[in-house]
Amino acid sequence: MKTITAIVAEDEAAQRLELVRLLREEWRELAIVAQCADGLATLEALQTHAPALAFLDIRMPGLSGLQVAARGARNTLVIFTTAYSEHAIQAFEQGAVDYLLKPISRERLRTTLERVRQRIAAGETGDADQTFAVLRARAAAEPTRPMHWISASVGNTVRMIPLAEILFFQSSDKYTRVVSHQGEAVIRTPLKELLEALDPDAFWQVHRSVIVRVAAVRAMHALGGERYELELTGAAERVPVSVAFKGRFKGM
């Protein structure tokens with residue numbers, strides 16, 4: 001029998017652990033391949049694992065569950081978890097996705113899992129144009145909670161790095177470097193998606209491959225030939241600045 005995989009995304013640790021516990025008790029064969037606490041980590045998990053199921057909290061830091069689903073759950077059956085009113089829940093049902101109302105009850109979860117099993121047995125993968133048209137429309141208007149930290153890998157360890165400690169992000173091959181006062185880590189999130197999740201007043205793109213934390217910028221240096229680089233407080237490494245972005249640092 002093919003293993004059914006799932007990810008669980010919920011920024012409140014206690015609620016995330018409780019949902020995982022219930023899932024393991026109600027569907028022992030289900031393989032939970034990732035547990036995430038913010039929208040960016042969830043999107044990365046979707047792209048990495050391509051799970052059959054995704055339990056997504058609607059309100060998460062960085063990217064909302066709606067935004068994550070609209071971008072990364074094309075072949076994944078999505079179940080939203082929400083504290084929204086019944087009126088809002090009915091709107092989600094029109095988009096052909098299931099939901100779990102918080103606090104999640106075992107009885108309601110059983111009903112949802114039975115629906116999911118039926119959809120899997122029917123060969124559904126979540127790839128429904130109407131569903132994603134609805135998701136994209138709602139995601140465009142969905143407010144997101146501000147991020148205060150980011151999950152990044154250091155070897156085989158995942159670290160929670162406060163955004164206030166990050167100096168810059170730099171894209172490199174399939175990864176994005178996260179350079180902070182504590183060292184270096186990596187994420188798979190592209191710069192474009194990072195920009196959408198970060199505070200635009202605190203983080204600026206300065207090059208096609210670099211985003212810097214504005215407060216960390218000490219000086220801009222001209223290297224000649226329309227080449228520039230930024231000196232950052234607490235970093236031995238300097239980062240490039242494109243001509244298109246150098247005007248942001250006029251007067252430095």
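This is a predicted model: local features need pLDDT of at least 70, side-chain atom pairs count only at pLDDT 80 or more; totals for chains, interfaces and linings use all residues.
Q: In what order do the strands of the 5-stranded open sheet stand, and which of them are at the edges?
A: The 5 strands of this open sheet are paired in parallel fashion and follow the order β2-β1-β3-β4-β5. Each edge strand has a single partner, so one side of it is left without a neighbour in the sheet. The strands in that position are β2 (31-36) and β5.

Q: What angle does the direction of helix α1 make with that of β2?
A: Helix α1 (residues 13-26) packs on the sheet and touches β1, β2, β3, β4 (77-82) and β5. Taken against the direction of β2, the direction of α1 makes an angle of about 175°.

Q: Which residue in β3 is the bridge partner of Ala 6?
A: Strand β1 (residues 5-9) and strand β3 (residues 53-57) run parallel and are joined by 4 bridges. In β3, the bridge partner of Ala 6 is Leu 53.

Q: How are helices α2 and α3 oriented to each other, roughly parallel or roughly antiparallel?
A: The axes of α2 (residues 39-49) and α3 (residues 65-72) come within 10 Å and cross at roughly 25°. Angles under 35 degrees count as roughly parallel. The two helices, α2 and α3, are therefore roughly parallel.

Q: How many nonpolar, polar and charged residues does the contact of α2 with α3 have?
A: On the α2 side the residues are Gly 39, Thr 42, Leu 43 and Leu 46, and these meet Val 68, Arg 71 and Gly 72 in α3. By class, the contact has 3 nonpolar, 3 polar and 1 charged residues.

Q: With which side chain does the side chain of Lys 102 make a polar contact?
A: Lys 102 lies in the loop between β5 (98-101) and α5 (106-121). Leaving aside residues up to four places away in sequence, Lys 102 touches Glu 10, Gln 15, Asp 57, Thr 81, Thr 82 and Ala 83. The polar contact of its side chain, at 2.9 Å, is with the side chain of Asp 57.

Q: Which residue in β15 is the bridge partner of Glu 229?
A: An open sheet of 3 strands has the order β13-β14-β15 with antiparallel pairing. Within this sheet, β14 (residues 228-232) and β15 are joined by 3 bridges. In β15, the bridge partner of Glu 229 is Pro 240.

Conventions: Residues are numbered from 1 along each chain as its sequence is written. Side-chain values use heavy atoms; hydrogens and water are left out. Axes are lines fitted to C-alpha atoms, for helices over the stretch in contact, and angles run from 0 to 180 degrees between N-to-C directions. Angles under 35 degrees count as roughly parallel, over 145 as roughly antiparallel, 65 to 115 as roughly perpendicular and the rest as oblique. Contact means heavy atoms within 4.5 Å. Ala, Val, Leu, Ile, Met, Phe, Trp, Tyr, Cys and Pro count as nonpolar, Asp, Glu, Lys and Arg as charged, and the others, Gly among them, as polar. A polar contact is a pair of N or O atoms within 3.5 Å; within protein, one must be able to donate a hydrogen and the other to accept it, and residues adjacent in sequence count only if both atoms are side-chain atoms. Two strands pair if DSSP finds at least two bridges between them.
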